[in-house]
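Keep the sequence and the 3D view open while reading.

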Amino acid sequence: PFGQIILAYYSGVSLDTVGSGGLNAISLAFFSPTAMTSANCNFQDPLTPCLAPASGAGPSLGLRWALNTINTSVPLLQQNTAPVRGGKPTVFFAFGGQSEGGAGWDSIFSSSTSAQMFAQNCATLVKTVSSYYGGRVFIGVDLDIEGTTTTLPQFGVFVKAFRGMADYSSYPVMMDALSGLGSVGSSDHYKVSLLQNYGPSSSGITFLNMMVNNVQSSCDTMSTFWRGSSVDFIPPSNKILGFWGENLAAWILQNPGCTDGSDPLYPWMKTEGAGMGIWQWWSGSTNDITSVINQIRQG
């Protein structure tokens, strides 16, 4: 139901260009996961302390900021839904992030009580916010889990509790992971089993966001991760592939392998409906990243 996702992480910079830049989805970054374990959350209150900025995020981030952002962005994002324009865009509430670290996640997902409370609050949040917009936008949750020391033993409790309240076809959940998570040596390798158990095949997690590489890379290089056999149990249309944005334009993906060669990435993305996740939306011209978006749409 969500179509091909063309998403960027948004932290408050240049909302006016998300439409002209080609996006049909944004992830509002980043909120504290720990604040969402309170038993007293009220998402009718735009000043609720349950939606608080994560470490390193701007102090203005909160529910009121999110609602204002969604209100402005929906008509802009609608223009770019894929494969058909004029559909229903998607907005995620992103929790965690690199600066937030893993201690909060370890705490939440080591306790069945905390995992359940986090799930209940996430489900109530997305359903409450969705109701404000009369079904004009999909509202979801983005779990940017980084820096953990556990393997999140109670993660299944979260998925089951969330899906008990918020159905799979209406409220997407995205899990972020290193693109090399399929490698046994990756610090994110434990997420493979979580996705096998609680991923799209069981109507749990909707999307795997395979994050940007930390070195300049070609499409051929990234295809070895994104289209590798270790993660082929995730359908391509449930993958969001990580692209650097204008914040590091020199590292935006380039040939070989984007549009040339025997099995180029961009036509494959169009055919299979694989999504694009841009880190991050930035000020100034969007020409470089918009050019890539247009190439992917055209295949």
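Q: Is Thr206 buried or exposed, and what is its relative accessible area?
A: This is a predicted model, in which local features need pLDDT of at least 70, side-chain atom pairs count only at pLDDT 80 or more, and totals for chains, interfaces and linings use all residues. Residues are numbered from 1 along each chain as its sequence is written, and side-chain values use heavy atoms, with hydrogens and water left out. Buried means under 20% relative accessible area, exposed over 50%, and partly exposed in between (1.4 Å probe, protein chains only). Thr206 is buried, at 1%.

Q: Where does Thr206 sit?
A: Helices (H or I, at least four residues) and strands (E, at least two) are DSSP runs, numbered from the N terminus. Contact means heavy atoms within 4.5 Å. Not counting residues up to four places away in sequence, Thr206 touches Phe2, Arg163, Tyr168, Tyr171, Pro172, Val173, Pro200 and Asn238. Its place is the loop between helix H5 (190–198) and strand E6 (207–210).

Q: How many aromatic pairs does the structure hold?
A: Rings of Phe, Tyr and Trp (its six-membered ring) pair if their centres lie within 6.5 Å. Planes under 30 degrees apart count as stacked, over 60 as edge-to-face and the rest as tilted. The structure holds 23 aromatic pairs.

Q: Why does the pair of Tyr10 and Trp65 count as stacked?
A: Tyr10 lies in strand E1 (residues 6–10) and Trp65 in helix H1 (residues 63–78), so the pair links parts of the chain 55 residues apart. Tyr10 is buried at 4% relative accessible area, and Trp65 is buried at 15%. The ring centres are 6.0 Å apart, and the pair is stacked because the planes meet at 10°.

Q: What kind of pair do Phe243 and Tyr266 form?
A: Phe243 is in strand E7 (residues 239–244) and Tyr266 in helix H7 (residues 265–272), 23 residues apart. Both Phe243 and Tyr266 are buried. Their ring centres are 6.3 Å apart and their planes stand at 35°, so the pair is tilted.

Q: The charged end of which residue sits over the ring of Trp268?
A: A charge sits over a ring if NZ of Lys or CZ of Arg is within 6 Å of the ring centre and within 35 degrees of the ring normal. Lys88 does this at Phe138, 4.2 Å from the ring centre. At Trp268, 4.8 Å from the ring centre, the charged end is that of Arg227.

Q: Within what arc do the buried residues of H8 fall?
A: Helix H8 (residues 287–298) buries Ile289, Thr290, Val292, Ile293, Ile296 and Arg297. The arc is that of the directions from the helix axis to the C-beta atoms. The buried residues line one face of H8, because they fall within an arc of 155°.

Q: What do the buried residues of H8 pack against?
A: On the other side of H8, Asn287 and Gln298 are exposed. Just after H8, Gly299 takes a positive phi of about 70°. The buried residues of H8 pack against E1, E7, H7 and strand E8 (275–279).

Q: Which elements are among those covering the buried residues of H7?
A: In H7, Leu265, Tyr266, Trp268 and Met269 are buried. They cover an arc of only 160° around the axis, so they are on the same side of H7. What covers them includes helix H6 (219–226), E7, E8 and H8.

Key:
Expected span 1.5 Å × (residues − 1).
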